[in-house]
Amino acid sequence: MPQLPALQNLSLDSNNIRTFEFLPQQPNLQQLYLKSNRIRSLRSMPSLPNLEKLDLRTNPIKTLEYIPQLPSLQRLGIEPVLREALRRLNEGRQVLIREL
């Protein structure tokens, strides 16, 4: 996928996606929907400085360790098992990340 400066919303639900390698840095992307894919890690996620909403529900993700590189994130769709990780991630943040 090329860099698309005007792209603000992207929905790729249910596409068998495993990594973020297909997604280059999209500086104006505000909403990204990746529900029901096969993503296990956020390690390959590019820097998305304006991303406000990220839906990762129904993916086998085990950790949120790479979420801090998303400074504008306000809403996050995750599985219930990651709620404690989200609570810890919010400690010390001025703008809390809330669940979708």
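In which sense do strand 2 and strand 3 pair, and over how many bridges? In this predicted model, where local features need pLDDT of at least 70, side-chain atom pairs count only at pLDDT 80 or more and totals for chains, interfaces and linings use all residues, strand 2 (residues 31-33) and strand 3 are paired in the parallel sense over three bridges. Residues are numbered from 1 along each chain as its sequence is written, and side-chain values use heavy atoms, with hydrogens and water left out.

Strands here are DSSP runs of E with at least two residues, helices are runs of H or I with at least four, and both are numbered from the N terminus; two strands are taken to pair if DSSP finds at least two bridges between them. By these criteria an open sheet of five strands is found, with the order 1-2-3-4-5 and parallel pairing. Its edge strands, each of which pairs on one side only, are strand 1 (9-11) and strand 5 (98-99). In general, the strands of a sheet pair through backbone hydrogen bonds, either parallel or antiparallel.

Within this sheet, aspartate 55 belongs to strand 3 (residues 53-55), and tyrosine 33 stands opposite this aspartate. Aspartate 55 counts as buried because its relative accessibility is 3%, where buried means under 20% relative accessible area, exposed means over 50% and partly exposed lies in between (1.4 Å probe, protein chains only). When residues up to four places away in sequence are not counted, aspartate 55 is in contact (heavy atoms within 4.5 Å) with Leu32, Tyr33, Leu34, Lys35, Gly77 and Leu100. Leucine 32, with neighbours within four places likewise left aside, touches Asp55 and also Leu10, Phe20, Leu23, Leu48, Leu51, Lys53 and Leu54.

Leucine 32 is also among the residues with the most contacts inside the largest nonpolar core, together with Phe20, Leu54, Leu56, Leu64, Ile67 and Leu76, and this core has 28 residues. A nonpolar core is a set of buried Ala, Val, Leu, Ile, Met, Phe, Trp, Tyr and Cys residues joined through side-chain atoms within 4.5 Å.

Helix 1 also has buried residues, namely Ala85, Leu86, Leu89 and Asn90. Seen down the helix axis, these buried residues fall within an arc of 135° (the arc of the directions from the axis to the C-beta atoms), and they therefore line one face of helix 1. They pack against strand 4 and strand 5, and just after the helix glycine 92 takes a positive phi of about 90°.

The loop between strand 3 and strand 4 (75-77) contains asparagine 59, which is buried because its relative accessible area is 6%. Two polar contacts, defined as pairs of N or O atoms within 3.5 Å in which, within protein, one must be able to donate a hydrogen and the other to accept it, and for which residues adjacent in sequence count only if both atoms are side-chain atoms, involve its side chain: a polar atom lies 3.0 Å from the backbone nitrogen of isoleucine 39, and the side chain reaches the backbone oxygen of leucine 56 at 3.1 Å.

Threonine 58, in the loop between strand 3 and strand 4, has a positive phi of about 60° although it is not a glycine, and it is partly exposed at a relative accessible area of 44%. Serine 36, placed in the loop between strand 2 and strand 3, has a positive phi near 60° and is partly exposed at 29% relative accessibility.
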